[in-house]
Amino acid sequence: MKTEVAIIGGGPSGLLLSQLLNRAGVSTVILERASRDRVLSRIRAGVLEAGTVDMLHAAGVGARVAAEGITHHGCYLTDDDLMVHINFAELTGKTVTVYGQTEVTADLYAAQDAMGARIVHGVEDVILNDVDSAAPYVEYTVDGDRRRLDCSYIAGCDGFHGVSRNTIPENRRRMFERVYPFGWLGLLSRTPPAHPELIYANSANGFALASMRNATLSRYYVQVPLSDRVEDWSDARFWDKLRSCLPADVSAGLTTGPSIEKSIAPLRSFVSEPLRWGRLFLVGDAAHIVPPTGAKGLNLAVSDVFYLHEALADAVRHGRTAGIDAYSERALTRIWKAMRFSWQMTTMLHQFEGEDGFAAQMRKATLRHLSQSETARRELAENYIGLPF
Ligand code: FAS
Ligand code: PHB
């Protein structure tokens with residue numbers, strides 16, 4: 001099989017890149033390890049930056065997010081019962097949209113199917129070959145057959161555990177990492193949200209996040225030790241923990257119900273540089289991971305796609321390589337700013353095992369400063385709604 005751009009991974013990065021390239025007349029093939037049902041069963045991000053919504057419209061998949069996405073004009077950061085409102089609209093003139101990553105992925109699959117895109121599910125043993133030559137190719141196995149895909153370029157959109165990043169020789173990669181000593185236990189329930197806007201709660205009992213998918217579907221997270229397993233957490237234990245972290249007024253109005261999904265996500269900050277090796281380009285979680293505290297993971301993947309899709313179309317259609325030559329440095333500039341914000345939100349809102357009283361006082365002082373300084377709230381809001389692409 002031949003194509004102009006081989007895309008490893010059929011998550012949001014791979015699908016959005018394929019959709020934009022196909023619309024620009026560039027042929028692609030997506031090789032995805034999991035089944036489509038498996039990909040669409042994942043519960044991940046919930047908040048879309050304005051730039052991400054714009055990109056979905058540019059890709060021709062903006063109709064449902066426009067109809068069903070919920071515009072949020074702000075969010076709350078709390079410290080026990082102190083509630084600090086970050087009014088994005090007032091402070092920046094911008095808003096964010098609450099619309100699940102699962103829906104974004106479903107919309108992209110539907111659009112790709114409508115375009116007759118070539119997506120191969122259930123691939124195994126993917127190997128990227130000759131990526132630093134003018135004729136790279138991908139080998140993979142599907143239904144027991146070993147196959148070869150010849151291409152002009154390869155986009156590694158295969159997430160943190162994919163093969164693309166490790167195709168770049170280790171001695172040519174610079175990796176930066178912070179692994180946090182806790183995870184997020186997430187629960188999805190068919191209950192009305194605890195509050196109309198998101199609440200990021202710092203408390204004596206740890207961190208919690210009250211989020212949502214729509215008016216009847218709520219998404220909650222509580223901080224848990226890395227040693228915990230989902231089986232250790234009954235729904236009742238989860239709700240008790242959540243109540244103990246949220247402000248008393250919010251907890252009093254909390255509607256609980258049976259979990260329809262429960263999972264633990266580890267938290268890490270990670271960047272692998274450069275994002276390019278010959279004709280291989282890394283995109284999204286294949287290149288970087290942020291703790292979800294800043295709602296940046298999916299949105300960063302989208303800005304990578306914004307930078308890469310035009311560059312690849314230029315290279316394939318017109319032989320112009322300035323865009324692909326600049327991709328890594330251009331994307332990394334925005335990646336590092338989002339990395340900093342996500343790290344700052346995580347350290348500001350979570351208890352670290354074994355920390356002394358000083359650290360807790362620093363968190364309290366930061367939240368009190370936010371409650372008293374419009375400048376501090378504006379700085380946070382600018383990062384949360386998404387820095388310019
Ligand atoms: P993805 O990991 O989504 O997709 C990569 C795809 O590549 C997968 O479908 C995988 O099956 C496939 N793949 C892997 N190896 C392969 C191989 N060898 N061959 C072929 N295919 C291969 N972000 C937020 O903003 N907020 C959140 O709350 C949030 N929660 C998260 C919870 C979890 C458990 C995880 C893992 C991530 C979370 N994220 C969150 C971040 C998440 O949304 C990512 O940023 C987003 O999925 C990035 O999309 P992709 O880059 O497409 O990577
Ligand atoms: C979610 O709704 O899943 C969500 C929202 C905001 C975050 C992280 C996760 O920062």
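An oxygen atom of ligand 2 sits 2.6 Å from a polar backbone atom of P292. That is a polar contact, meaning a pair of N or O atoms within 3.5 Å; within protein, one must be able to donate a hydrogen and the other to accept it, and residues adjacent in sequence count only if both atoms are side-chain atoms. Y200 contributes through its side chain: one of its N or O atoms is 2.8 Å from an oxygen atom of ligand 2. To count here, a residue needs a heavy atom within 4 Å of the molecule.

This is a predicted model, in which local features need pLDDT of at least 70, side-chain atom pairs count only at pLDDT 80 or more, and totals for chains, interfaces and linings use all residues; side-chain values use heavy atoms, with hydrogens and water left out. Residues are numbered from 1 along each chain as its sequence is written, while chains are lettered from A and ligands numbered from 1 in the order in which they are written.

Now turn to ligand 1. It has 29 residues around it, and S13, E32, R42, Q101 and G297 come nearest. The side chain of E32 places an N or O atom 2.6 Å from an oxygen atom of ligand 1. Two backbones also take part. A polar backbone atom of L298 is 3.2 Å from a ligand 1 oxygen. For P12, a backbone N or O atom lies 3.3 Å from an oxygen atom of ligand 1.

Step back to the whole chain. It divides into domain 1 (5-72 + 95-177 + 268-346) and domain 2 (181-267 + 353-385). These bounds come from an automatic or database domain assignment. The C-alpha centres of the two domains lie 29 Å apart.

How many residues of domain 1 are in contact with domain 2? There are 26, and they meet 22 residues of domain 2. Contact means heavy atoms within 4.5 Å. The area buried between the domains is about 1,800 Å², with carbon and sulfur atoms giving 66%. Buried area is the accessible area (1.4 Å probe) that two parts lose on being put together, summed over both. I43, H72 and F341 supply 27% of what domain 1 buries against domain 2, more than any other three residues.

The polar side of this interface comes next. Five residue pairs are in polar contact across it, both residues at pLDDT 80 or more. On the domain 1 side, β4 (70-72), β7 (96-98) and α10 (322-349) each supply at least two of the residues that touch domain 2. The largest share, six residues, comes from α10. Helices (H or I, at least four residues) and strands (E, at least two) are DSSP runs, numbered from the N terminus.

One salt bridge is counted between the domains. A salt bridge is a side-chain nitrogen of Lys or Arg within 4 Å of a carboxyl oxygen of Asp or Glu. The side chains of R340 and E379 form a salt bridge at 3.3 Å, N to O. The structure holds 23 salt bridges. Among them is R64 with E103, whose closest N and O atoms are 2.7 Å apart. This pair links distant parts of the chain: R64 is in helix α4 (residues 63-68) and E103 in helix α6 (residues 101-114), 39 residues apart.

Finish with the backbone. The peptide bond from E273 to P274 is cis, with omega near -10°. P274 is in the loop between β17 (259-273) and β18 (276-277).
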